[in-house]
Amino acid sequence: MTVGVYPGSFDPFTVGHLDVLTNAAGLFDLVYVAVLHNVDKRPTFTVDERMDMIRNVLVAEKLDNVRCGTFDGLLVDYARAVNATHIVRGLRATSDFEYEFQIDAVNRHLDNSLRTVYFMASPGHSFLSSSNVKEIGLWGGSIRGLVPSVNEEIICERLAKK
Ligand code: PNS
């Protein structure tokens, strides 16, 4: 069985993330979405909120071969624990390349048996990031079409409280 891990902060999960995840679910028998639990990063949404929203998406999109988990510490340790052979990441613009290049080099240093596969963002998602979603939502702009519709209301309400 082929297993992939799609790691990230997902603060919050966007339609760009969903695009990457859908591609990964078509490539691997089983995919783990691994939500980073990093206290230093001071996320807007708690780990539980982020995981609940991702699980909403898995149900709504019928992504039956995807599980959602959380990890702290090293990604390679999480990947080994779930028997993954591949890490999945998305690439939007060339600005992502340098960052991804460095993460890949560190992960290969830590575990050279793991490989990362990258999916290019669909053209309409190349500008999209969790930070953009939060900025738009905080100022009362519409985030329709930027996040999975099943989570739109939750995200709007939560950002309005900040
Ligand atoms: O969505 P993000 O925040 O760009 O994801 C970054 C992530 C979670 C992939 C990266 O920070 C990570 O893997 N962190 C866990 C710690 C680790 O394994 N570090 C070594 C690789 S940089």
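What share of the chain's contacts with a separation of 6 or more comes from residues 24 or more positions apart? It's 76%, where contact means heavy atoms within 4.5 Å.

Some ground rules before going on. This is a predicted model, so local features need pLDDT of at least 70 and side-chain atom pairs count only at pLDDT 80 or more, while totals for chains, interfaces and linings use all residues. Residues are numbered from 1 along each chain as its sequence is written, and side-chain values use heavy atoms, with hydrogens and water left out.

## Overall layout

The chain holds six helices and five strands, taken as DSSP runs numbered from the N terminus (helices are H or I with at least four residues, strands are E with at least two). Reading from the N terminus, you get β-α-β-α-β-α-β-α-β-α-α.

As for size, the C-alpha trace spans about 45 × 35 × 35 Å along its principal axes. The radius of gyration of the chain is 15 Å, which agrees with the value near 15 Å that a compact globule of 162 residues would have. That radius is taken over C-alpha atoms, and the globule rule is 2.2 Å times the number of residues to the power 0.38.

Of the 162 residues, 46% are buried; here buried means under 20% relative accessible area, exposed means over 50%, and partly exposed is in between (1.4 Å probe, protein chains only).

## Around Leu21

Leu21 belongs to helix H1 and is buried, with a relative accessible area of 0%. Setting aside neighbours within four places in sequence, Leu21 is in contact with Tyr6, Phe13, Val31, Val33, Leu58, Leu63 and Val66. Take Leu58 from that list: Leu21 and Leu58 are 37 residues apart along the chain, and their C-alpha atoms are separated by 9.8 Å.

## Aromatic pairs

Rings of Phe, Tyr and Trp (its six-membered ring) pair if their centres lie within 6.5 Å; planes under 30 degrees apart count as stacked, over 60 as edge-to-face and the rest as tilted. By this rule there are five aromatic pairs. Tyr32 and Tyr78 make an edge-to-face one, with 6.5 Å from centre to centre and 85° between the planes. That pair ties together distant parts of the chain, as Tyr32 is in strand E2 (residues 30–36) and Tyr78 in helix H3 (residues 75–81), 46 residues apart. Both partners are buried: Tyr32 has a relative accessible area of 19% and Tyr78 has 13%.

There's also an aromatic cluster made up of Tyr6, Phe10 and Phe13.

Phe10 sits in the loop between E1 and H1 and is buried, at 2% relative accessible area. The loop between strand E1 (3–8) and helix H1 (15–27) also contains Pro12, and a cis peptide bond joins Asp11 to Pro12, with omega about 5°.

Lys62 lies in the loop between helix H2 (47–60) and strand E3 (66–71), and at 64% relative accessibility Lys62 counts as exposed.

| Residue | Phi |
|---|---|
| Phe10 | near 50° |
| Lys62 | near 55° |

Which neighbours does Asp104 touch, not counting residues up to four places away in sequence? They are Thr116 and Tyr118. Asp104 is part of helix H4 (residues 94–110) and is buried, with a relative accessible area of 13%. Asp104 and Ile54 are 50 residues apart in sequence and 24 Å apart in space, C-alpha to C-alpha.

Asp96 lies in helix H4 too, and with a relative accessible area of 10% Asp96 is buried. Not counting residues up to four places away in sequence, Asp96 touches Gly90 and Leu91.
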